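Student: I would like a close look at one kind of contact here. Please take me through the salt bridges.

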Amino acid sequence: MAGKTVGSPGSAPRRERPWAAIVLGALTLMAAVTGVAVNIPTTPVTVEVHGTAVSADQVRAALGGELLAYESTRLLVCDATTARRCASPGPGTVSAVVDGDFAGARVNKSWLSVPHDEKKYEPDGDDMVSNAFDNAHRAGQRAGAAALAVRAAVDAQSQALNRTPLGWLALVAAGSLGTGLLLRSHLRRSRERRALWHDLAVGSRHLATVTLDLELTRLATVRLEALTGSRPARRLRETGREVDRRSLELSRVEDGLYARLPVGMPTMSDLSADEALAFREQATRLDHLDDAVSQGTALLLNSPTAIDVWDLNSRPFVEAPDRVRALLSEARVAMRGEVGDAVRQLERVRESLLPLGAALRGEPSAGTVVPETLPEALTEGLLAAAEETSAALSTILREGLAAAAHVAPKQSVLLAAEQSAEDPESPLVLALSADPGSRDSGEPARLTVAGVERWWDAARAELDATALRAAAPRREVAGRGAAAQDVAPRSDRAEATLGGLGVLGLLIVLCLAVAGVGWATQAAIGGVGNIGRDKAVHYVALPHGPGWPSLQEADADAAEVRAFVPWRLAVVALPAAPGTDVVEKAKPYSTSTGRQFKDLSRADQDAAVRSAIASVPDLVDPATGDLYPDVMIHVVRDIGHNEYRGLGLAWGPTPAPRLSGKYLNRGDWNSSDDPHMSVYHPVYLLDQDLAESLGKPAWTESQANRVGIGTGVVLGLAGLAAIPITLSGRRRNRTASRKENDRTLRAVESELETLFLAEDSATLEAVTAEDATGTPELEDRRLRVRAQILALRRCEELKTRPRRRRGGTSHARDVERLGGLVKALTAREQDLGSRVRDYLATL
């Protein structure tokens, strides 16, 4: 496996860097930086003026400061005398003629020197620049018209160069998603690889222990040769030889397994989880068998450690009744019927082992016959206890725990047998089995209390995860074969129909919710766009003469109008210009003579508007030479007979992103002999939609922005909704809070302390006394005190767990099981205490 970095039993595999995710993440970051850079204009626009109509400072003032463009851009401003200079603008140049017959703005075809989308810019780009200039120029602006033209050119650059963040956002989102998926895949493979190494490392530690003890195992096998007629000794010798052979086989394949740990991309030769688990289980089993050979030798030869060996291997059977009672209490299974008989069978197994332990210590009770071959009796007693315990546990599983876990009885026994095979509580029993070296002998493993407990933990965890409820008992329909077969399909069809209707209903609800959120978002955007349209408008100047209203009367008409700009309105009446206003036809009306005029030429209309602006110098901004940004005037001309012809509106350089020129005509066709109509005209237009055109944010009217914002809001709300749903789901999966678990554990600890304090001095003296006439009660008492000590240690371990772990369901189950065990010990303590006191009274 050249080129790969593999782990070893003593060191974890080196954590590799997710190079694929790093590279893609770096490219995504570069794309994000590039997208930000190209979507932000950074080149200042230069202003060059030829002529005297406006100055460069006035244009810059109309721009509101420095204007940044995406590419090198120059604004060339001319007047009527220098218009030829602006006739053919060069690359990157926007030309604007601010007065005269050739007033207008333009850019040349292919004026951008960088690659761009001509379909999006030409002729639209030129049209954008020309229309922007015309709209402002018709409003009487010169510097403002040139400024608005170059602003339109910058917007045209954004379109032509595809300077929109949507494409870059999609690219960055796709890159981020890909980076996240690659990183997740790498982390998953890293966890799997570390889990494989952990299984191998655990197996290696067990195998190392077996290898180090191999000489002692061989020596124990030789010592057992002296016991030629002992069946347990023969089985232990076979087990020792099996450990010797299998340890050598595992040592040969160990290095090869480490070399096959997956590195980089998956390959066919990578180590699988089943292979790593098999190695771990085999090595662990050999370690148990190795210990069992030494323990069995000590027990059969009655060595000084025989008593400790007996305590270690008999303790699971002595503690079995109490642990099973705690488990049944946790599962809320009543101890009656066959379950109660099985628990009593466990009690009989425990009672059968107590005299053997007392005899091994040399303290046989009165009336107890000590077998001539005590070591063989001890081993045979352990094997019999294992068989009877397995049979009792099988009954308890089939008749009680399987129903509580909603699992088939046979399946529960098989699953518990698998857990028992992985955790043999008595190694000596494992070694004395018929086929100690293989788990594939075809015979099911014996059930152990530890295996049943592990199976119940897994079953209850699955119940908590899936939130299952107690299933209704199945009612068998006897004698209705055909009818039952007819009913079942209809039930399945009904369930399928209901399921389909449920899915359809959920989709309809989701669609309605998305539509509702989208509609609400669009309404909110419209509302945001209208924020600020609360400014009142008023009149500041009106002509004097018969029929013209006063300022107070004009303000009364404008009182209900609200705009984004607090307009100062004025009406300027120009004197008659004979020969200029040519009547095409006349059709009298009740309010006017109905004369209709020919359109004015652009030069005549511009001259009239500029003349009107010059007549109100107080409303002109000296910085730009145009009207102030909050001034709007209605220009009319006296055409005689107390009639006035409207020549159009004029205002200062106010941003007008949606202005279409609809209200910027070159002179009304009709005249009116009611001056009040001329005063009310700008108020009427503002009340229609001119107020929105002059001030409403452009982004609120963009359909692309509306769709993008609506989609973002829907996705954002979906993400926010997922948070409480996830948290509530996690909360539902928890059976108890951390405080409840801590409170329950304190109660268990208090009950356990009470159990220790309840022992009177006479009982303690009887337990510690070296009395040659020992009884099973005293032997049981000694084991009971040891069980209480182990329960106290378990309680301390639960108390010292991390704060977060103490709030989980597994911790709640551990606390509940410990509480059940302490209750069982308390009940037995009360019964045993009375029996010990009765025995002491007879001494």
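Tutor: Start with Asp 626 and Arg 610. Their side chains meet in a salt bridge, at 3.5 Å from N to O. Keep in mind that this is a predicted model. Arg 610 sits in helix 18, while Asp 626 lies in the loop between helix 18 (602-614) and strand 13 (631-640), so the bridge ties together parts that are 16 residues apart in sequence. Asp 626 and Arg 610 are both buried.

Some salt bridges share partners. That is how Asp 322, Arg 325, Glu 347, Arg 350 and Glu 351 are joined into one network.

Now turn to Arg 231 and Glu 380. Their side chains form a salt bridge at 3.0 Å, N to O. This pair links distant parts of the chain. Arg 231 belongs to helix 8 (residues 231-259) and Glu 380 to helix 12 (residues 374-404), 149 residues apart. Arg 231 counts as partly exposed because its relative accessibility is 40%. Glu 380 has 30% and is partly exposed too.

Next come Arg 280 and Asp 199. They form a salt bridge whose closest N and O atoms are 2.8 Å apart. Arg 280 is in helix 9 (residues 273-300) and Asp 199 in helix 6 (residues 165-212), so this pair ties together parts that are 81 residues apart in sequence. Asp 199 has a relative accessible area of 14%, so Asp 199 is buried. Arg 280 is at 28% relative accessibility, so Arg 280 counts as partly exposed.

How values were computed
Residues numbered from 1 in each chain as written. Predicted model: local features only at pLDDT ≥ 70, side-chain atom pairs only at ≥ 80, totals over all residues. Heavy atoms only, no water. Salt bridge = Lys/Arg side-chain N within 4 Å of Asp/Glu carboxyl O. Helix = DSSP H or I, 4+ residues; strand = E, 2+ residues; numbered from the N terminus. Buried < 20%, exposed > 50% of the residue type's maximum accessible area, 1.4 Å probe, protein only.
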